[in-house]
Amino acid sequence: MRQIKLSLGPVLFYWPKETLLEYYLAMAKLPLDTIYIGEVVCSRRHEMRFEDWCDLADILAESGKEIIFSSHVLLESESDLRRLRRFAAQGKFRLEANDMAAVKLAREHELPFVAGASLNIYSETTLDIFRGLGAYRWLVPSELSRDKLYNITAHAQANNLQTEVFAWGKIPLAYSSRCFTARHYNLNKDSCEYRCLDHEHGMPMYTREGQAFLTINGIQTMSYGCQSLIAHHKDIADMGIDSLRLSPQLTDMPRIVELHRQVLGGKVDSQTALNELQTLSYGNLVDGYWHGQPGIEAIKAQYFEGASV
């Protein structure tokens, strides 16, 4: 079985600067291969400046891990573009491009990039376009099923493109120019009082029947459930997928990383890991998209109760 790498995605929530720095210093000690850093969701989350991110990248790089700057998904102003230009021009660390402006700037600076999930790569033809523009890795959109992914991954492997899947965390679903958190508090987006700081894992959104449905995270809409693909690690390896992305949560992340590493290393079976992971997650564990079903579908009981995976 091929060796699958582990990556830590960018923090998608708004945490205070000191909390964020302490968190990443702890992550540098974990058995991760790649760490993505940078603000992806909202430019008003400004406690970390460009220089702070660069200093953090230098510190994390001393751990021997691959460090990558993740770009904004939704650019809304000239100041957003200026900030992106600085990340593209720094020349030391690669980019995860989450919109076409980042792709263009990476290409201009001859900087190989990771094609983020928000670039919407759903076919071999689209993948070839981004490979021609300089992508060396792509993050699979979470809603792609295993069956649809099979051929695209084989194509990527044949063309020396690395494939990464979103294997843990609340799933990023959509972005808007409106801020849902500010609206919840009857505030304007430009005077939001940074209320996202009060919700370290976003705000749960419920149906009229009281069922937890989505998570509001500023301008981002996420799943309420926590996607986990560890039960499918054998399929993932057989398909030639190179890396599993674990999306950060503030608590229990060292144990979450260790459980994934132990399963991939054959030291713990995925059923045992899932039983513990469901106690560590924010929201129920889901894997519906992997099966071609609605993403909200919970992981079937068979993966917890002794069936071979």
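Which Phe residues form one aromatic cluster? Select Phe 50, Phe 69, Phe 87 and Phe 93, and you have it on screen. Keep in mind as you look around that this is a predicted model.

A search of the whole structure turns up five aromatic pairs. Start with Phe 50 and Phe 87: their ring centres sit 5.0 Å apart and the planes meet at 70 degrees, so this pair is edge-to-face. Now colour the helices. Phe 50 belongs to helix H2 (residues 50-61) and Phe 87 to helix H3 (residues 78-89), so the pair ties together parts that are 37 residues apart in sequence.

Next, select Phe 69 and Phe 93. Here the centres are 5.7 Å apart with the planes at 85 degrees, so this pair is edge-to-face. Phe 69 is in strand S3 (residues 66-70), while Phe 93 is in the loop between H3 and strand S4 (94-97). That makes it a link between distant parts of the chain, 24 residues apart. Buried or exposed, these two? Phe 69 and Phe 93 are both buried.

Last stop: charges over rings. Zoom to Tyr 185 and you'll find Arg 195 over the face of the ring, 4.3 Å from its centre. Then jump to Tyr 36, where Arg 245 lies over the ring face at 4.0 Å from the centre.

Notes. Residues are numbered from 1 along each chain as its sequence is written. This is a predicted model: local features need pLDDT of at least 70, side-chain atom pairs count only at pLDDT 80 or more; totals for chains, interfaces and linings use all residues. Side-chain values use heavy atoms; hydrogens and water are left out. Rings of Phe, Tyr and Trp (its six-membered ring) pair if their centres lie within 6.5 Å; planes under 30 degrees apart count as stacked, over 60 as edge-to-face and the rest as tilted. Helices (H or I, at least four residues) and strands (E, at least two) are DSSP runs, numbered from the N terminus. Buried means under 20% relative accessible area, exposed over 50%, partly exposed in between (1.4 Å probe, protein chains only). A charge sits over a ring if NZ of Lys or CZ of Arg is within 6 Å of the ring centre and within 35 degrees of the ring normal.
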